[in-house]
Amino acid sequence: MSQNQKNAEEVSRSTTVYIWDMDETLILLKSLLDGTYAGVFNGLKDPRKGFEIGKHWENYILQVCDEFFFYDEIENYNEPFLDSLSEYDDGRDLSNYDFKNDGLSSPYDDSNKRKLAYRHRFIAEKYAQGLHKLIGQQMIKLWNDLYNLADGYTNRWLSSAHALLEETLGMTHGSVAKRHLNVNVLVTKGSLIPSLAKCLLYRLDDVIPANNVYSSWDVGKLQCFSWIKERFTGPNVRFCAIGDGIEECEAAQAMSWPFIKIDLQPSSSYRFPGLTTEMIQSYINVIYGPPDAEEQVNE
């Protein structure tokens, strides 16, 4: 069964696909480093503290990339998603594969694409295990402390964003049936491997699987949005894009999808905490119409 056939089968019932931007939407990093986040609070936030938190995040992101995701080897081979080279993967057992000596290099021919596909499969397996299985107890404590420090500094931005993604999947209500109706997809302009590391570090891996992470670095967000629409097919599929940038706004308009713009301003409701599933649904209803009575009962 092909990936498209599999997904078409999965979305045969009413489904909403939420397409999220990452930076300054689900997480905060650049705005901590450049002082933008602190700046909107008119002196109530210390920008130096935000900068220090951001630098710690940067260090952890690079550490995860280098130690677990082969980043020093594949930094120059960015792909838009992990399965993009699956046709070159022959399914070889990688449990004893010698990644260090397999000779991955230029030119970017079929042989090297296969080696990169092996690494992508290995990365997907590590991602699925979760960060707790990859790092030691001391590092786990440092990571948890940083997350809590960042979450406190940002007035629960990180934990509120995560809680909303849980709610979109029905996880907060313990509804297994509803959880399978909706999908969270990430489309980021950052390169793929650091974006996967960010998902792990910012605790998004339980609400966004590795194969739902897309990098628009080389191809643009409109191309990624088009792939997502092709992937999630069916008569009852709805899409909604959420982000802070003009590129995802224009891409959503080109796809005739609703778009919700995230705003750092503390007085805005279109931020975290603030944004709710009800607010998102109201945007979706404008484009697609309200859910029918049967859907509402099932929810």
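**Exercise 1.** Which residues make the nonpolar surface patch of about 280 Å²?

*Solution.* Keep in mind that you're working with a predicted model. The patch is built from Val-286, Ile-287 and Tyr-288. Now pick out Ile-287: you'll find it in helix 13, which covers residues 277-288. Its relative accessible area is 43%. Partly exposed residues fall between the buried cut-off of under 20% and the exposed cut-off of over 50%, so Ile-287 counts as partly exposed.

**Exercise 2.** Find where Asp-21 and Lys-221 sit, and say how their side chains meet.

*Solution.* Start with the general idea: side chains of opposite charge can pair when their charged atoms come close. Here, Asp-21 and Lys-221 form a salt bridge, at 3.0 Å from N to O. Asp-21 is in the loop between strand 1 and helix 2, while Lys-221 is in helix 11, so the pair links distant parts of the chain, 200 residues apart. Both Asp-21 and Lys-221 are buried. Searching the whole structure turns up 10 salt bridges.

**Exercise 3.** Work out whether Asp-102 and Arg-119 are buried or exposed.

*Solution.* First, the contact: their side chains meet in a salt bridge of 2.8 Å, N to O. Asp-102 belongs to the loop between helix 5 and helix 6, and Arg-119 to helix 6, 17 residues apart. Next, check the numbers against the buried cut-off, under 20%. Asp-102 has a relative accessible area of 14%, so Asp-102 is buried. Arg-119 comes in at 0%, so Arg-119 is buried too.

Notes: Residues are numbered from 1 along each chain as its sequence is written. This is a predicted model: local features need pLDDT of at least 70, side-chain atom pairs count only at pLDDT 80 or more; totals for chains, interfaces and linings use all residues. Side-chain values use heavy atoms; hydrogens and water are left out. Patches are made of residues with over 30% relative accessible area and no salt bridge: like charges are joined within 9 Å, nonpolar side chains (Val, Leu, Ile, Met, Phe, Trp, Tyr) within 5 Å. Accessible areas come from the Shrake-Rupley method with a 1.4 Å probe; for residues, only the protein chains shown count as cover. A salt bridge is a side-chain nitrogen of Lys or Arg within 4 Å of a carboxyl oxygen of Asp or Glu. Helices (H or I, at least four residues) and strands (E, at least two) are DSSP runs, numbered from the N terminus. Buried means under 20% relative accessible area, exposed over 50%, partly exposed in between (1.4 Å probe, protein chains only).
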